[in-house]
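Me: Please take a close look at one part of this structure, the charged side chains. How are they placed, and what else is found around the chain?

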Amino acid sequence: EKIMVTYTGKSYGLGKVIADEAPIFFSYLYTRLSDLRSGLTERIEHLEELEEEEMADGTLIKRFKFRYVFRTDGELLETENEIVCSKRPKDKHYRIELNTSPSVTREIPMQYLDRVAETVLDVIKSWEKDRKLLLSSTR
């Protein structure tokens, strides 16, 4: 079996969220990622939610940064990750993208980058499943 490795990062498009629902989604995303801080074989560290920025062209950017740590056979593998939610002025939704890369300058199997993307995608799918209930409780 051949295992692909990388020294560089990878970007994943993970979907969209309706702009009017974004503040609640951002809170949901942060909370769900925060819940993953206590894992033994996989965990999130240094979770950080940055203030939303407005670019010169009016694009809104919301970022979340974190380190994902894998414990495998006594070895620690880490990735540096950033979730970028961006909304152009005329759009009615934020696009969600994950940028992930090895946290040290050494190769890491691609499967670990893919695993981070799967984890974040699971959170987004949970949001899609729970959003009506969550939104109805805030109105």
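Reply: Because its relative accessible area is 59%, Glu54 counts as exposed (over 50%; buried means under 20%, and partly exposed lies in between, with a 1.4 Å probe and protein chains only as cover). The model is predicted, so local features need pLDDT of at least 70 and side-chain atom pairs count only at pLDDT 80 or more, while totals for chains, interfaces and linings use all residues. Residues are numbered from 1 along each chain as its sequence is written, and side-chain values use heavy atoms, with hydrogens and water left out.

Glu54 is found in strand β4, residues 53-54 (strands are DSSP runs of E with at least two residues, helices runs of H or I with at least four, numbered from the N terminus).

Other charged side chains are paired. The structure holds twelve salt bridges (a side-chain nitrogen of Lys or Arg within 4 Å of a carboxyl oxygen of Asp or Glu). Side chains of opposite charge can pair when their charged atoms come close.

One of these bridges joins Asp114 to Lys10, and their closest N and O atoms are 3.1 Å apart. Asp114 belongs to helix α2 (residues 110-138) and Lys10 to strand β2 (residues 10-18), so this bridge links distant parts of the chain, 104 residues apart. Because its relative accessibility is 25%, Asp114 counts as partly exposed. Lys10 is likewise partly exposed, because its value is 30%.

A further salt bridge brings together Glu82 and Arg63, with 3.4 Å from N to O. Glu82 lies in strand β6 (residues 75-87) and Arg63 in strand β5 (residues 60-72), so the pair ties together parts that are 19 residues apart in sequence. Glu82 counts as buried, because its relative accessibility is 17%. Both residues also belong to a network of salt bridges, in which Glu53, Arg63, Lys65 and Glu82 are linked.

Within helix α2, Arg115 and Glu118 lie three residues apart, about one turn of the helix. They form a salt bridge whose closest N and O atoms are 3.7 Å apart. Arg115 is partly exposed, because its relative accessibility is 29%. Glu118 is also partly exposed, because its relative accessible area is 43%.

Helix α2 also holds Leu133. Leu133 is exposed, because its relative accessible area is 64%. Gly39 lies 94 residues from Leu133 along the chain, and 27 Å separates their C-alpha atoms.

Turning to the backbone, His46 is not a glycine, yet has a positive phi of about 55°. His46 lies in strand β3, which covers residues 42-49. With a relative accessible area of 57%, His46 is exposed.

Finally, the aromatic rings. A search of the whole structure finds seven aromatic pairs (rings of Phe, Tyr and Trp, the last by its six-membered ring, with centres within 6.5 Å; planes under 30 degrees apart count as stacked, over 60 as edge-to-face and the rest as tilted). Ring pairs link Phe25, Phe26, Tyr28, Phe64, Tyr94 and Trp127 into a cluster.
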